[in-house]
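Open the model in your viewer and keep the sequence panel beside it. We will go from one selection to the next and look at what is there.

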Amino acid sequence: MKMQPQSFNEELVAQKGLQRIATWGKVMGIVMMITGGIAALSGLIYFIVGAIPGAITVFLGYLTYKTGAAAAAIRQGGDTRALSDLFHHYGLYLLVSFIMFAVSIAVTILMFLLFGMFFFTSFNNGF
């Protein structure tokens, strides 16, 4: 006897997904903004440049919160403007995250190169 795949209500799945995005987007956005603010303040102690990662985390938290808020608006009213806001904020979040990732990879490669140069030149200087 062959089992038939169960059908599911696409609307119910979409509503659950929007509810999850709305709830956790807002929660994570607030948490990211708080931790980013703390990181920015602690980075200011050392040097102004040290606050940049914290400030970027605050901005990413803001985008995450706005994505959650847009999902809540879609779920409540089906507003098409909220849908474009959701896509805009999420797309911007992905772009900033990619830029941060690329910069961190470049800095890591640079650090390995500098460490390698220091390590191999120290052998030539008799250390």
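In which hand does α2 pass α3: is the crossing left-handed or right-handed? The crossing is left-handed; in that wording, the near helix is turned from the far one by less than a right angle, anticlockwise for left-handed and clockwise for right-handed. Helices here are DSSP runs (H or I, at least four residues), numbered from the N terminus.

Before you click further, note that this is a predicted model, in which local features need pLDDT of at least 70 and side-chain atom pairs count only at pLDDT 80 or more, while totals for chains, interfaces and linings use all residues. Residues are numbered from 1 along each chain as its sequence is written, and side-chain values use heavy atoms, with hydrogens and water left out.

**Stop one: α1**

Select residues 10–46, which form helix α1. This helix has 37 residues and spans 52 Å from first to last C-alpha, close to the expected 54 Å; the expected span is 1.5 Å times one less than the number of residues.

Now show N9, which caps the N-terminal end of α1. One of its side-chain oxygens lies 3.1 Å from the backbone nitrogen of E11.

Next, color the buried positions of α1: L18, A22, G25, G29, M32, G36, A40 and G43. Buried means under 20% relative accessible area, exposed means over 50%, and partly exposed lies in between (1.4 Å probe, protein chains only). Their cover includes α2 (52–77) and α3 (80–124).

Stay in α1 and click A39. A39 counts as partly exposed, at 33% relative accessibility. Leaving out residues up to four places away in sequence, A39 touches G50 and G54, where contact means heavy atoms within 4.5 Å.

**Stop two: α2**

Move to α2, with 26 residues and a reach of 37 Å between its first and last C-alpha, close to the 38 Å expected. Its buried residues include G54, L60, G61, L63, T64 and T67. The buried residues of α2 pack against α1 and α3.

Two packed helices are described by the angle between their axes and the distance between the axes. For α1 and α2, the axes come within 7 Å and cross at roughly 160°. That makes α1 roughly antiparallel to α2. Axes are lines fitted to C-alpha atoms, for helices over the stretch in contact, and angles run from 0 to 180 degrees between N-to-C directions. Angles under 35 degrees count as roughly parallel, over 145 as roughly antiparallel, 65 to 115 as roughly perpendicular and the rest as oblique. α1 passes α2 in a left-handed crossing.

Which residues does T64 touch, beyond those up to four places away in sequence? Select T64 in α2 and you will find G25, M28, G29, M32 and Y93 around it. T64 is buried, with a relative accessible area of 15%.

Follow the chain past α2 to G78, whose phi is positive, near 70°. D79 sits in the loop between α2 and α3 and is partly exposed, at 39% relative accessibility.

**Stop four: α3**

Finish with α3: 45 residues reaching 66 Å from first C-alpha to last, close to the 66 Å expected. The axes of α2 and α3 come within 8 Å and cross at roughly 155°, so these helices are roughly antiparallel to each other.

Show the side chains where they meet: among them are L63, T64, K66 and T67 in α2, and H89, Y90, L92 and Y93 in α3. Then center on H89 in α3. H89 is buried, with a relative accessible area of 12%, and touches L63, K66 and T67, again not counting residues up to four places away in sequence. Other buried residues of α3 include A82, L86 and V96, and what covers the buried residues of this helix includes α2.

Methods:
Helix = DSSP H or I, 4+ residues; strand = E, 2+ residues; numbered from the N terminus. Polar contact = N/O pair within 3.5 Å; in protein donor to acceptor, adjacent residues only side chain to side chain.
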